[in-house]
Amino acid sequence: MLQEGTDFRRPQTEITKIQELMYELRVGEIMTQPVVTVPPSASMKDAKELMRSRRISGLPVVRTDGLCGIVSVEDVIRWLEQNQQQKDTVERWMTSKVVTVHASEPAVRAINKFRTYHIGRLPVLDQQGRLVGIVTPGNVIDSVVRVLDTLYREGEPRQRNERSSLDDLVSER
């Protein structure tokens, strides 16, 4: 429980379990795979429909030689507001300078990139530079919650036993 007056800006001297997890968890463990992609020649209309039907907010754009861009809901909105020509391709509206992360990197690296670049998804590359997944802040949160839940459940029987022992001591008085 938070104490009144807790200062969240104050630097912490001890590492919390969540901070430790962010360094231990690897992006490859938390990413979504297989990743849904589109070619640069896809129409914006098709990209929009694919995002809507899959309930996702962005699509890596891939050529035969690899990742060449990313198209997001924001790009679709700009397309709808400015143009909305059915024949417009993803290549015209995508972001071509893509920020990526490697599967072997710690989750904290992805978190730092989300914050630094103000982005909501990162294509995940393997050591050879091939697209192997995508990671979002939601993936990070889901993984941390899952691990913390497991740790809590593993510690719960121990805590119950400690409480029972305390109850026994108190009742003996």
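Start at Asp88. Setting aside residues up to four places away in sequence, Asp88 touches Ala42, Ser43, Met44, Trp79, Asn83 and Trp93. Contact here means heavy atoms within 4.5 Å. Where does Asp88 lie? In the loop between helix H4 (73–82) and helix H5 (90–93). Helices are DSSP runs of H or I with at least four residues, strands are runs of E with at least two, and both are numbered from the N terminus.

Is Asp88 buried or exposed? Asp88 counts as buried, because its relative accessibility is 7%. Buried means under 20% relative accessible area, exposed means over 50%, and partly exposed is in between, with a 1.4 Å probe and protein chains only. The Asp88 side chain also makes a polar contact with the side chain of Arg92, at 3.0 Å. A polar contact is a pair of N or O atoms within 3.5 Å; within protein, one must be able to donate a hydrogen and the other to accept it, and residues adjacent in sequence count only if both atoms are side-chain atoms.

A word on the source. This is a predicted model: local features need pLDDT of at least 70, side-chain atom pairs count only at pLDDT 80 or more, and totals for chains, interfaces and linings use all residues. Residues are numbered from 1 along each chain as its sequence is written, and side-chain values use heavy atoms, with hydrogens and water left out.

Now H4. Its buried residues are Asp75, Val76 and Trp79. They sit on the same side of H4, because they cover an arc of only 100° around the axis. That arc is taken from the directions from the helix axis to the C-beta atoms. On the other side of H4, Glu81 and Gln82 are exposed. What do the buried residues of H4 pack against? Helix H3 (44–54), strand S2 (66–72) and H5. After H4 comes Gln84, with a positive phi near 60°.

Next, the sheet. Three strands form an open sheet in the order S3-S4-S5, with mixed pairing. S3 and S5 stand at the edges with a single partner strand each, so one side of each has no neighbour in the sheet. Two strands pair if DSSP finds at least two bridges between them.

Take the S3 side. Strand S3 (residues 101–102) pairs with S4 in the parallel sense, over 2 bridges. Val101 stands opposite Val124 in S4.

Now the S5 side. S4 and strand S5 (residues 131–135) pair in the antiparallel sense over 4 bridges. Pro123 stands opposite Ile134 in S5, and Leu125 stands opposite Leu131. The hairpin of S4 and S5 has 5 residues between the strands, and Gly129 there takes a positive phi near 85°.

Which way do the S4 residues point? In S4 (residues 122–125), Leu122 and Val124 point one way, Pro123 and Leu125 the other, and all are buried. In a regular strand, side chains alternate between the two faces of the sheet.

Last, the whole protein. There are 7 helices and 5 strands. From the N terminus on, the elements run α-α-α-β-β-α-α-β-α-β-β-α. Of the 173 residues, 31% are buried. Among contacts between residues at least 6 apart in sequence, 55% join residues at least 24 apart.
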